[in-house]
Amino acid sequence: MRFSVVTPTYNRADYLPEAIASVQASILAGIEADWEHLLYNAASTDSTAEILQNATADPRLRAVTADRKALAGPGRNRLIEQATGDWIVPLDDDDILLQRALFHYGLHAQQHAKARWLVADFLRIDEDRCYLPTEDYYAWRFDSAPQMLQAIFRGEHFIQGNVCYQRTLWQEVGGYDEGIEMAEDLDLYVRFLLAGHLPVVCPHLSHLHRFHRRNVSIGVDANRHRADLAAIFGKYADRLRAVGVEAP
């Protein structure tokens with residue numbers, strides 16, 4: 001079992017070293033597995049290039065440099081195309097992976113041989129790594145893929161970077177939609193569900209999600225989220241209605 005952690009980055013030199021260090025601190029003892037960390041530098045103008053040059057002394061870390069700024073979806077696609085792992089773990093450039101996250105993903109993948117993707121809980125921290133009480137994220141258990149889709153489009157549930165999925169599943173559904181500015185990850189997970197794959201819910205914490213003044217999601221309120229849901233629903237309306245999912 002091999003994990004490919006994928007991280008697109010743009011001008012996050014103040015947080016990126018901690019994201020990289022968190023992956024390098026992973027402890028997989030107890031399962032036969034290893035990892036690699038792939039980073040996509042989307043033409044950063046800060047010291048990101050220097051950070052990546054120093055970090056790539058570790059052979060498990062590889063960096064790809066683009067000549068222009070790009071959205072997260074294209075960045076992840078380029079990295080996964082070059083990945084050697086059979087399991088993909090997205091990690092944002094300002095977040096922190098927990099040391100046993102990959103171990104627990106691997107353990108549950110082994111225990112659920114038919115699983116194509118897994119989800120976990122995560123915690124939220126502020127820009128100084130202080131824990132934000134009452135802001136924990138809990139992955140829900142659903143009985144079926146249509147039930148989970150219905151909860152997503154009712155605005156009752158969402159999924160972020162708390163996932164691990166098979167590289168072959170990413171290939172089968174067509175990867176990230178490179179034209180989506182926001183919610184490209186949710187769009188991908190909707191296609192996982194439409195393909196009939198319900199995630200295994202793992203009882204562990206995957207990462208620390210950092211809230212700060214330059215989060216990509218700053219300004220995404222209920223109206224923006226509803227608009228994103230409507231746009232995603234419109235792409236798959238016939239397929240969603242066929243399994244009983246109503247428009248948001």
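Author: With 17% relative accessibility, Asn11 counts as buried, a label for residues under 20% relative accessible area, while exposed means over 50% and partly exposed lies in between (1.4 Å probe, protein chains only). Keep in mind that this is a predicted model, where local features need pLDDT of at least 70, side-chain atom pairs count only at pLDDT 80 or more, and totals for chains, interfaces and linings use all residues. Residues are numbered from 1 along each chain as its sequence is written, and side-chain values use heavy atoms, with hydrogens and water left out.

So where is Asn11? Look in the loop between strand E1 (2-9) and helix H1 (16-24); helices (H or I, at least four residues) and strands (E, at least two) are DSSP runs, numbered from the N terminus. Asn11 isn't a glycine, yet its phi is positive, at about 50 degrees.

Now hop along to Ala43, in the loop between strand E2 (34-41) and helix H2 (48-55). Ala43 isn't a glycine either, and has a positive phi of about 60 degrees. Its relative accessibility is 22%, so Ala43 counts as partly exposed.

Zooming out, the protein has 9 helices and 8 strands. Of its 248 residues, 52% are buried. Take the contacts (heavy atoms within 4.5 Å) between residues at least 6 apart in sequence: 78% of them join residues at least 24 apart. And the C-alpha trace spans about 50 × 40 × 35 Å along its principal axes.
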